[in-house]
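Me: I would like to go through the labels on this model and ask what stands behind each of them.

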Amino acid sequence: MLTLTAALAGCQAEVDHRQAAPEPATAAINAVDRALVADGGTLTWGINEFPTQWNPHHQAGNLAAVHTVLEALLPIPFRVDERGEAHPNPDYVIDVSVTTEPEQVVTLTLNPEAAWSTGDPITWRDYAAMAEALSGSNPEYQALGTVGYDRIAEVRKGKNKYQVVIVFEQPFSEYPALFSPLLPEEYTADPESFNTGYLEQIPVTAGPFDVAELDLVAQTITLERNADWWGDPARLEAIIFRTLAPDALDAAFLDGSIDLYALSLDSGSYERIRSAPGTEIRAALGADYRHITLNGQTPILKDVDVRHAIFLGINREVLATAALGTLGWEPRVLNNRFLTPEQPGYADNSGEWGKYDPDRAAQLLEEAGWTAAQPGEVRTRDGKPLTLRFIVPQGYAPAWEEAELVQSMLAEIGVDIKITSVPGNQLFSKYVQPGNYDLVAFVNSGRGFPVFDSLHQWLDAVDDADGKPQWRTNVGRIGSPEVDQALYGALEALDRGTAIEQLNKADRLLWELGHTLPLYQRPQIYAVRDTLANVGAPGLGTLDYADIGYVVQE
């Protein structure tokens, strides 16, 4: 699923070349054979939010902390390697077969030793119940998304209860993204259980760790090694997830209270942490990127020429350097909404709209009827100024600084930007999703499944029963039948080359529509005790929590 986060980057532009950080890799986890990892020990992992909804497929459960914790506790049928390739996870799935005629059928042979913490085996029924819950057929399920599940005709029992036969009504190329993580039938069989079963609790698990305690007051989750785990036993005895404010995470790491956490891209945190004794900064480039979304349904931005002028008037190189330069890495502007440079098939589809060209931007605005008496003045049309609201979350100075850079750039072409700070916990619910903004910047986070992760973010509106257009998660409110056709073509193409071709076609069309300006790929950066192995920045990959631990000291 697409995880939206308002995590922000620092905007100082000075680069410290004396202590430059290593270039982010495809994965940076200090990969060590588990035989060289000590048996035992406790890892205290700092997180910056304490969710109340622990069902990751619920609308309110789409948080990074939920996924971080649950990957240690629930079945992940397919793991993703650092290249973004999916492989069956033998702890849960020991064989996969796919047929395509007369329809696509995916058959999963389950590990018969896999069981829920209740003692019940994991069977085809768990997959069938979850597919039905997320199919979209019952609106009482407060499901995050239906992509892929809405293409399943049936899920049935194979030769025994440990074989799942998934029959697709329409082809779905990214089927490994489904059922991740898997929930037990008991909590997907009806809307009430789905919506509230994992509310303020994690009642049933099936991973290398169990929940020992979930403390709502202290905002900690303590995991213990699962004595009934059928796979390679967890090397760690316990993992404690401790919730702290971003600035408190820095202090807790420095005083030894936590051993691992994701650094914000605020260069201040990086400077405070990188020289601490016994510390490694592990960084990798994943499927995360920052962008500026334009609301295509506001009166001014309905005009594609104005949107393109905004694109051309923003110097993305400057924004990337301001955000990442002080971290010592060479900032890289991203020119694709679906693929990153590490993934096969990445292409620069920006064409004429990805360049910084304020003269062309000014020309487009003139042709659209937005005129100014002299350079530097705010343009007007029919007596109305060309003024746009840029929404930023309160309390995040880097967001304000980023918006100020955009404000200064667009002032040069006669666009007046009014920066408006709003409560961070209302940014999406009260402003972005309802369309109460002109410009907004945030981060898209994915798992390496480019269509599954973000399909509805790009699809054209559909009319509801009253004929009112519904944009779903397409908060830019810009779309076309041609984009939809290309995306569904990628979704249905079981040939990888065809899927990539269709993805790049969709991306080219989105550049032509002026839908969302990609800025830069956002690195994952973790502060980690240097004795920890198999944990840190996974990039496109999936961590194996059973292998996390401390390197054996000779």
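Reply: The largest cavity holds about 160 Å³ of space. The model is a predicted one, in which local features need pLDDT of at least 70 and side-chain atom pairs count only at pLDDT 80 or more, while totals for chains, interfaces and linings use all residues. Residues are numbered from 1 along each chain as its sequence is written, and side-chain values use heavy atoms, with hydrogens and water left out.

Me: What makes this space a cavity, and what does its volume stand for?

Reply: On a 1 Å grid over the protein atoms alone, a cavity is a set of points where a 1.4 Å probe fits but cannot get out. Grid points are joined across faces, edges and corners, and the volume is the space filled by probe spheres set on the points. Rolling a probe the size of a water molecule over the atoms shows where empty space is left. The search of the whole structure finds 4 cavities of 30 Å³ or more.

Me: Which residues line the largest cavity, and how do they divide by class?

Reply: Lining residues have an atom within 4 Å of a point. There are 18 of them around the largest cavity, and Ala287, Tyr289, Arg337, Phe338 and Pro450 lie nearest its centre. By class, 8 are nonpolar, 8 polar and 2 charged; here Ala, Val, Leu, Ile, Met, Phe, Trp, Tyr, Cys and Pro count as nonpolar, Asp, Glu, Lys and Arg as charged, and the others, Gly among them, as polar. β13 (279-294), β18 (439-445) and α11 (450-458) each supply at least two lining residues, and α11 gives the most, with 3 residues. Helices (H or I, at least four residues) and strands (E, at least two) are DSSP runs, numbered from the N terminus.

Me: What makes an open space a pocket, and what is the volume of the second largest pocket?

Reply: A pocket is an open set of points with protein on both sides within 12 Å along at least five of seven lines. The second largest pocket has a volume of about 550 Å³. Its lining has 28 residues, with Glu85, Ser173, Glu174, Phe449 and Arg496 the closest to its centre. The class count for this pocket is 17 nonpolar, 6 polar and 5 charged residues. α13 (496-513) is among the elements that supply at least two lining residues, and α13 gives the most, with 4 residues.

Me: Why is Thr340 called buried?

Reply: Buried means under 20% relative accessible area, exposed over 50%, and partly exposed in between (1.4 Å probe, protein chains only). Thr340 has a relative accessible area of 3%, so Thr340 is buried. The residue sits in the loop between α7 (316-324) and α8 (358-367). Not counting residues up to four places away in sequence, Thr340 touches Gly286, Ala287, Leu334, Tyr346 and Gln521, where contact means heavy atoms within 4.5 Å.

Me: What makes a set of residues a nonpolar core?

Reply: The members are buried Ala, Val, Leu, Ile, Met, Phe, Trp, Tyr and Cys residues, joined through side-chain atoms within 4.5 Å. The largest such core has 92 residues, and Trp45, Tyr127 and Phe179 have the most contacts inside it. The largest share of this core, 6 residues, comes from α2. Apart from it lies another core, of 55 residues, among them Leu265, Ala323, Trp329 and Met409.
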